[in-house]
Amino acid sequence: MKLSDSLRYVKGVGPKIFNILKDYGFLTLKDLLFYFPFRYDDFSKLVNIKDLKIGQTCTIYGKLKNVRQFKIGRRRLIITQGIITDKTASIKIIWFGQRHPIVFKDKEIYVAGKLVKDKFGLYFLPFEVETNNQKNIHLARTVPVYRKIGKINSKQIRKIIFNIIQSIDIKELKDPIPEFILNKFGFKKIDEAILKVHFPENLLEALESRKRFVFEDLLIFQLKILKERKMLLEKKAPQIEIYEEEVEKILNFELTEEQKRVWNEIKEDLKSQKPSNRLLQGDVGSGKTVLAKMAIFNVVLNNYQAVLMAPTEILARQHFFDFLEFFAKKNINLGFVSSKECFFGQGGHFIKISKEKIKNHIFQGKIDIIIGTHSLLGEKIIFQKVGIVVIDEQQRFGVEQRAKLIEKSKSELIPHFISMTATPIPRTLALVFYGDLDISTIRERPFPFLVKIFIVSEKKREKVYEFLKKKIKKGSQLVIICPRVEEKNDEIKNVKTEYQKIKKYFSEFKIGMLYAKMKVKEKDEILKMMEKNEIKVLVTSSVIEVGLNLKNLNLMIIENAERFGLTQLYQMIGRLSRYGLESYAFLFLNKFTKKGYIRLKALKEKRNALELAEIDLKLRGPGEFFGKEQSGIPDLVVEGLKDLDLIEKAKKAAEIIISVDSSFKSFPLLSLLYTQKGKILFG
């Protein structure tokens, strides 16, 4: 059989199984051959029954006798019990909730499992059972374990893949990675790696083979990053003259030493004709936006337009009004563009205008600073000439996205780029996803972090509420954050239900509610009332984690705190103490476990967001940084993020390949893989 043949012709694949495989995108032999195990069970140790030890996972071989079935308990759980005997001894064996083991009665079988001692006595608990003819696939070896494909379980998948390998010439697989790269970095060729990733002799062999495919995915990422960087360096950006005196006049405060250091880095970027590509990271309240304003101001003084994009409409609107106030005494025109409404602002004042009118103003160069969400790229807007793009809380902005801006611009110059984030990027993530970015980190806040953090159980809720009521009466504001907006059939707190409860608990105060899908007017009204300190308690979703800036906010409750990552919690808590107010954050746990408490305790012990980001990456993976559902990050890349040595090997390999041939024409199979995987990895 050939790798391109349909799976319908493979032994063990009937019409039902084929239809399930087809529904999940598995059509050919090659498709399933590249479906890798997510773990391995070590059943390689074949042990005599007399040598069994309690808790030890192993395989035994013997004859099953005295098999009987009965039911126990109120739920009438089926128990299948027998005696298995080898040449050295006998042991009781028990299956819970299974009828089928009866078929093994009076047969010699291999059983993988462990010796257990509990209320049922001393017995062998089986994980897998096979007769002698199948043990070379499922037992007495290092066994690959696959995630289910629909209703097809791991054992069935293992058997089908075994049959595929038996029916093909594995040499038919051509390696996309150049042989000199494999040799230099010590990786197996693809044919050997495929065999050993599915049916290894031992765990070490399995892990080494798997590592070769992790390296492959990381290599594609690194090639993408280096290729983009090379393409950028071949382009020209506006050369921006810096007006230091003008900047000093507009600032009504002294920059911190950290801000001054980072501003010098940004200035050097702007003065160069090379398109800058800078990630500006720092804790909530560290003053990133001030530096962005300074960069934008200089770009505008050089007669270029600036684009500022934010992840949510709430934050984009807040940026618009913040910039409107900041540039009130300057002859600078601002525009806000959203799907629902548009504003034109100048001199501290603004008016609503139609979308067509604002598009014309932008096209004619009458608007200097254009502010909106990332949907600005999708809008039918033609820019006069964009000198800089600033993005809040989205780290990647590649060549393709910049190309869209150039297509929508009269200028052929590539804009400079700054991305701001309060979620510091751990080193491994930075190497894989942001290797093309120059990273600047602001390591201190202008105001001290005066937040007292408490991790509390449900038992202390009343006591916490009483404390908060006293604080609110003295002028404080409270924000209550829930993981969900709508109620579901579980114990996770949601905004709408909690809002009704809070109105009863805090009946003497004005209560507000805020979440992403509310109408724009309602959101605006709520935020204005919060700014005026009219609303004393706000029940909200995590929409406030980015950008909300309220002077009187110094109290916070985070419900189901265990549901959030440490960096996300840190950002939420960072909404407090923006102006040096003593603040209090109460983290309620749905289930108060030792593990959950230890994880959250890091928030109390660390005052460094980068350290928390490293902990988050280790405990929760990259989904925490990119959004679990939206990330689309393949399992192999996730695995690779834990291996700094492998990442650095992939980076070096990519540098070698790019230096030899950046077009990949000399490496046709790699070029094909780059195109195919690029669609999966980069969208």
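Begin by selecting Glu216: with a relative accessibility of 4%, this residue counts as buried. The model on display is a predicted one.

**Along helix 7**

Gln222 counts as buried, at 2% relative accessibility. Display its surroundings: beyond the residues up to four places away in sequence, Gln222 touches Leu431, Val432, Ile647, Ala650, Lys651 and Ala654.

Continue to Lys230 and Glu234, which form a salt bridge with their closest N and O atoms 3.1 Å apart. Are these two residues buried or exposed? Glu234 counts as exposed at 58% relative accessibility, whereas Lys230 is partly exposed, with a relative accessible area of 34%.

**The nonpolar cores**

Now select Leu21, Leu32, Leu33, Ile164, Phe215 and Leu223, the residues with the most contacts inside the largest nonpolar core, which has 65 residues. Helix 7 supplies the largest share of this core, 10 residues. Centre the view on Leu21; its contacts, leaving aside neighbours within four places in sequence, are Leu7, Val13, Phe26, Leu32, Ile149 and Ile152.

Apart from this core lies another, of 56 residues, including Val451, Val464, Ile511 and Ile535. Select Val451, found in strand 17, residues 451-456. Val451 is buried, with a relative accessible area of 5%. Then pick Lys604: although 153 residues separate it from Val451 along the chain, the two C-alpha atoms are 9.4 Å apart.

**Strands 2, 5 and 6**

Turn to strand 5, residues 108-118, and strand 2, residues 57-72, which run antiparallel and are joined by seven bridges. One place to look is Ile60, whose bridge partner in strand 5 is Val111. Strand 5 also pairs in the antiparallel sense with strand 6, residues 121-131, over 10 bridges. A hairpin of two residues links strand 5 to strand 6, and Lys117 has Leu122 of strand 6 as its bridge partner.

Select the open sheet whose nine strands follow the order 12-11-10-13-9-14-15-8-16, with mixed pairing. Which strands stand at the edges? They are strand 12 (349-353) and strand 16 (438-442); each has a single partner strand, so one side of each lacks a neighbour in the sheet. On average, neighbouring strands of this sheet are turned by 20 degrees against each other, direction ignored. Within the sheet, show strand 10 (residues 334-337) and strand 11 (residues 342-346), an antiparallel pair with four bridges. Phe336 has Phe343 in strand 11 as its bridge partner.

**Further salt bridges**

Finally, go to helix 24, residues 644-660, where Lys649 and Asp645 lie four residues apart, about one turn of the helix. Their side chains meet in a salt bridge at 3.7 Å, N to O. Lys649 counts as partly exposed at 26% relative accessibility, as does Asp645 at 47%. To conclude, select Glu258, Arg261, Glu265, Asp269 and Arg278, which salt bridges with shared partners join into one network. The count of salt bridges comes to 36.

How values were computed. Residues numbered from 1 in each chain as written. Predicted model: local features only at pLDDT ≥ 70, side-chain atom pairs only at ≥ 80, totals over all residues. Heavy atoms only, no water. Pairing = 2+ DSSP bridges. Buried < 20%, exposed > 50% of the residue type's maximum accessible area, 1.4 Å probe, protein only. Contact = heavy atoms within 4.5 Å. Axes fitted to C-alpha atoms, helices over the stretch in contact; angles between N-to-C directions. Core = buried A, V, L, I, M, F, W, Y, C linked by side-chain atoms within 4.5 Å. Salt bridge = Lys/Arg side-chain N within 4 Å of Asp/Glu carboxyl O.
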